[in-house]
Amino acid sequence: MPHSSLVLDSTPAPGGLVTLMSASEVARAREAHENRADALSAPHRERKARGEKHPIEDFLHTYYPFSPGQLRRWHPGWHIGYDAAADEELRGRGDVDSDGTRRWYRELKDSSSGEPNGVRVADLERFVRERGDAAYWIHRLLTNSSFAEKPGNFSCFGLHEWAMVYRLGAGEKRHESLPLRLSAEETNRVVEENRLVCSHIDAFRFFTPDAAPLNASHPTRETQPMRDDPACLHVGMDLYKWSMKLAPLLPSDIVLDCFEHALDLRILDMEASPYDCRGYGYGVVPIETDEGKKEYVRRQRALADRSNELRMRILAILDPLASLFADAAGAHVENAR
């Protein structure tokens with residue numbers, strides 16, 4: 001087995017170098033990742049087995065289309081190769097097929113014989129060919145939603161959740177298991193007495209028909225790469241979605257860090273909402289008051305800084321591949337003509 005670093009045969013990897021992990025190093029890294037992932041998903045899995053639902057914490061497992069099994073799949077990152085023997089015990093399970101091959105991975109070839117040399121790496125060539133246009137879109141979105149590109153808006157006060165229940169009738173709100181903190185009339189008044197400045201399409205699309213016209217803008221999927229705001233809670237939560245969609249290019253520790261961070265964001269999102277979450281052990285951030293707004297912004301700033309740190313970690317892995325993604329996106333546009 002080679003060691004230290006080696007040349008990636010025909011893979012269009014910038015620099016053409018990959019660090020190598022031994023089978024024992026992979027076993028330790030994979031076990032640590034799986035244990036951490038299992039601990040993070042355990043409450044959801046246990047509730048599901050009991051037929052119970054959690055309107056706050058289950059969000060990461062129900063809104064985002066990724067199973068606990070997908071979350072526990074270990075990836076070292078596109079720039080790291082490893083001894084393929086490390087996957088033998090996983091044959092027929094997870095993303096390792098019964099013949100021992102691993103989906104979205106390939107084996108390097110010996111430079112002299114042309115035969116596989118037992119070093120497994122992410123199949124960057126296939127990823128760029130089949131998902132490069134999506135990766136280009138994600139890379140552009142993450143770059144444009146960093147604090148390096150825009151200052152961030154800290155005046156939304158989480159009012160998107162209030163706009164989602166604005167002027168709804170009985171039995172129409174999204175979380176029927178949670179009571180509202182205020183009466184329907186008082187809840188509507190909070191929306192009417194504050195300015196709606198939501199810029200995130202996946203929050204705005206759940207506004208009620210009466211609330212949508214009150215928003216300062218009408219975000220769309222097409223404008224999302226330019227509109228996503230580094231201070232937005234949902235933009236921060238989406239880092240989990242983007243990191244999962246970029247598998248196997250990103251190291252799995254980034255994915256789990258994004259998952260944990262998304263849960264913290266979700267908690268503030270719901271504590272500042274019109275719903276009363278105290279029955280689930282959470283607090284209240286009363287953004288209908290001046291003090292509540294100050295608390296929201298204080299916590300939002302700390303979370304936005306963490307979002308940006310994660311965003312920059314992802315971009316540090318993706319940036320060397322940016323030209324490959326751009327070429328793939330351009331080729332897809334050409335083929336569509």
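**Figure 1. Overview of the protein chain.** Of the 337 residues in the protein chain, 51% are buried, where buried means under 20% relative accessible area, exposed means over 50% and partly exposed lies in between, with a 1.4 Å probe and protein chains only. The model is predicted, and local features need pLDDT of at least 70, side-chain atom pairs count only at pLDDT 80 or more, and totals for chains, interfaces and linings use all residues. Residues are numbered from 1 along each chain as its sequence is written, and side-chain values use heavy atoms, with hydrogens and water left out. The chain has 12 helices and five strands; helices (H or I, at least four residues) and strands (E, at least two) are DSSP runs, numbered from the N terminus. Along its principal axes, the C-alpha trace spans about 75 × 50 × 35 Å. Contact means heavy atoms within 4.5 Å. Of the contacts between residues at least 6 apart in sequence, 72% join residues at least 24 apart.

Figure 2. Strand β4 covers residues 105-109 and strand β5 covers residues 116-122; they pair in the antiparallel sense over four bridges. Two strands pair if DSSP finds at least two bridges between them. Y105 has A122 in β5 as its bridge partner. Six residues lie between the two strands of this hairpin, and G114 in the turn has a positive phi of about 80 degrees.

Figure 3. Most residues other than glycine have a negative phi, and most peptide bonds are trans. W104 is not a glycine, yet has a positive phi of about 70 degrees. W104 sits in the loop between β3 (80-83) and β4, and is buried because its relative accessible area is 16%. R167, also not a glycine, has a positive phi of about 55 degrees; R167 is placed in the loop between α5 (160-163) and α6 (184-193). A cis peptide bond, with omega of about 10 degrees, joins A247 and P248. P248 belongs to the loop between α9 (233-245) and α10.

**Figure 4. Cysteines without a disulfide.** A search of the whole structure finds zero disulfides, a disulfide being a pair of cysteine sulfur atoms within 2.5 Å. C198 is in no disulfide, and the nearest cysteine sulfur, that of C232, is 6.2 Å away. C198 has 13% relative accessibility and so counts as buried. For C258, the closest cysteine sulfur is in C232, 15 Å away, which is too far for a bond. C258 is also buried, with a relative accessible area of 1%.

**Figure 5. F204 in helix α7.** Helix α7 runs over residues 201-204 and includes F204. F204 counts as buried because its relative accessibility is 10%. Not counting residues up to four places away in sequence, F204 touches C198, A212, N215, S217, H218 and P219. The C-alpha atoms of F204 and S217 are separated by 9.5 Å, and these residues are 13 residues apart along the chain.

**Figure 6. D269 in helix α10.** D269 is part of helix α10, residues 252-271. With 1% relative accessibility, D269 counts as buried. Residues touched by D269, not counting those up to four places away in sequence, are H160, E161, L233, H234 and M237.
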